[in-house]
Amino acid sequence: MVNLLACFIGALVGTIVGVLPGLGPTATMALMLPFTLRYGPETGLIMMAGIWFGSQYGGSTTSILVNIPGEAASVVTCIDGYQMAKKGRAGAALALVAVGSFIAGTIGIIGLQFFAPILGGAALSFGPPEYLAFMVLAFILLSNLSGDAPLKGFLMVGLGLFISSIGINPLDSYPRFTFGSDKLMLGIEFLPLAMGFFGIAEILNIAVETYALPMVKKLRLKELYPNKKEIRRSISPTFRGSILGFFCGLLPGPCTVISTFISWSLEKRLSKTPEEFGKGAVEGVVGPESANNSAVMGSMIPLLTLGIPFAAPSAVMLAGLRMHHVEPGPLLFQTNPDIFWTFIAAMYLGNLMLLILNLPLVGFFGRIATIRPQMLMPFISIICLVGVYSIRNSIFDVWVMIFAGVIGYYLRRWKFPIAPFIIGVVLGPMTENSVRQTLMIFKGNMTLIFDRPIALVFLIVAAAFIVLRISYPFLRRKFIVQKV
Amino acid sequence: MILGFVIIFVSIGYGFGNLRRPGPGLYPFFIAVFLILPFSIILFISGLKPKRSEPLFDKHGLRRFLLMVLTFFLWIMAMPFLGYVVVTFITAYCFCKVMMLEGWLKPLALSIATALFIYLLFDVWLYIDLPRGILG
């Protein structure tokens, strides 16, 4: 019962967050994490996933109604969604998106249920060298896929890894970078950092910017019915988007955002009427929205099977599970199978709850978009302050959050991606363990890593990606010159 | 860049050990190299590009930014003495004014509601013992 309630609260809060421009799912999940500590790890995990899932549902509402994406994964929906609204088909677009998201979510959960135990079993054969190679691959992909400047991504990963090395190192109990401070002995907590970089930085951003209120047209329930042609045109994009999104979820970086862009381009390419894209094509709305919902479930696979988060929201989930002393990874299915299966069951129900919530309440969620963020931010600021303090009754943690918020504000303005930093912080201790254990196993001869087939494959993919990334501008120039 | 060199300098002090038995300084040293390399390239590339000076704030934006940060500081400094309920009420009111909520009634109502909600959530529901200050 508690889990169902957690799922409902997560789905509702997530939908509202998705509707409101400003706070994204990562900040909200970090914000809600302290409240889950009173309950079990599965309750926390369910609420977090509900928020992430709900934000993908809610994000489409404002994209379609007012051309303002509630969060990054709904940017693509604006292109055709708003054009449909201008043609008077907003209700139909919202209904098709809700049903499409439900189908995609269900396909994503089935995929997770099917693939996670298999991959978890396969990951049992991973030793420190395989983990090290996999993390190298993850960091390279993450730096390249988050933002437009890979070097900035690398730098942020490095900063995250450094922050995680502060405090007593558990391998040799040696205090590092504490500079004599007792507070730093236990290291810098993840949650104040995440809330600072995602929550406080966003609050400061909203305080600085001037915000124009959107006008939202009232929607009646009968306007939600799509016509037969729209339903027929949405079926294939929904399934294509679902499958594509699920596999995009396995990519490091902002997988939900990437999945929407790929789905939109794919639908345009496959369409018999590509000229309609950008002018209100239903495929351009349903495909991407299905993809981002399914991607959420796909991104749970690396988290649950390897204990490696590929996106900022799953990094928050990992931090939450660790606060409950649960370490996700290949052993999760043997030591805590109940957590995984309770999570799967709750997600099926949560997906249904979101469908029930979103269809009749679409008008309500549309009106929420008209609340000025300036009205909400004082309340959210206080929740951040008290929430962070309450975890360890530590004023130091609140200072860390505010400091991280100010730094995060500047980094955003200078276009440094934040997700690689947060993932670097979470994966730092695991990376250090892998580096040191690999060195010890190979007696200092790192070249022996090439004798491990799985590790070798990961490193080859990473190297190929770097080569491709460096040569891409030259190849593109050459291709354009030849074409001209 | 400076941070990278500081990490290198400090991690040398921790000791590298050897590759068979790495010491506590070896991993931070690798990270420092990992930080310095991309930053040097970014600096080099930005040095080649023509400078575009985009201001981070307008006049009012900077004022609101500083006032927000000061209000956060106010909560941190005053909370242990005044208690979380009183300080929440005061800072919520300040946040409302910095965020340009007009009049006094709306900010007052919002700050009372916030303080009450925080009390009910943390004290009544979650049983978290937070400093009560003057309300002892």
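**First stop: one valine**

Select A:Val75: it counts as partly exposed because 18 C-beta neighbours sit inside 10 Å. The cut-offs, with C-beta atoms placed from the backbone, are 20 or more other C-beta atoms within 10 Å for buried, 12 or fewer for exposed, and partly exposed in between. A:Val75 is part of helix 4 of chain A, residues 75-86. Helices here are DSSP runs of H or I with at least four residues, strands are runs of E with at least two, and both are numbered from the N terminus.

Before moving on, some housekeeping. You're looking at a predicted model, where local features need pLDDT of at least 70 and side-chain atom pairs count only at pLDDT 80 or more, while totals for chains, interfaces and linings use all residues. Residues are numbered from 1 along each chain as its sequence is written, and chains are lettered from A and ligands numbered from 1 in the order in which they are written.

**Next: chain B on its own**

You'll find 5 helices and 0 strands, running α-α-α-α-α from the N terminus. Chain B is more spread out than a compact globule, because its radius of gyration is 24 Å, well over the 14 Å that the globule rule gives for 136 residues.

Buried residues account for 32% of the 136 in chain B.

**Then: bring chain A back**

How many residues of chain B are in contact with chain A? Select them and you get 46, facing 42 residues of chain A, where contact means C-beta atoms, placed from the backbone, within 7 Å. Helix 1 (2-14), helix 2 (26-48), helix 3 (59-82), helix 4 (84-98) and helix 5 (105-125) of chain B each supply at least two residues to that side.

**Last: colour by confidence**

Switch to pLDDT, the predictor's confidence in each residue, from 0 to 100. Chain B has a mean of 83, with 93% of its residues at 70 or more. For the complex, the predictor gives an ipTM of 0.89 and a pTM of 0.81.

Note on methods:
The radius of gyration is taken over C-alpha atoms; the globule rule is 2.2 Å times the number of residues to the power 0.38. Two residues are in contact if their C-beta atoms, placed from the backbone, lie within 7 Å.
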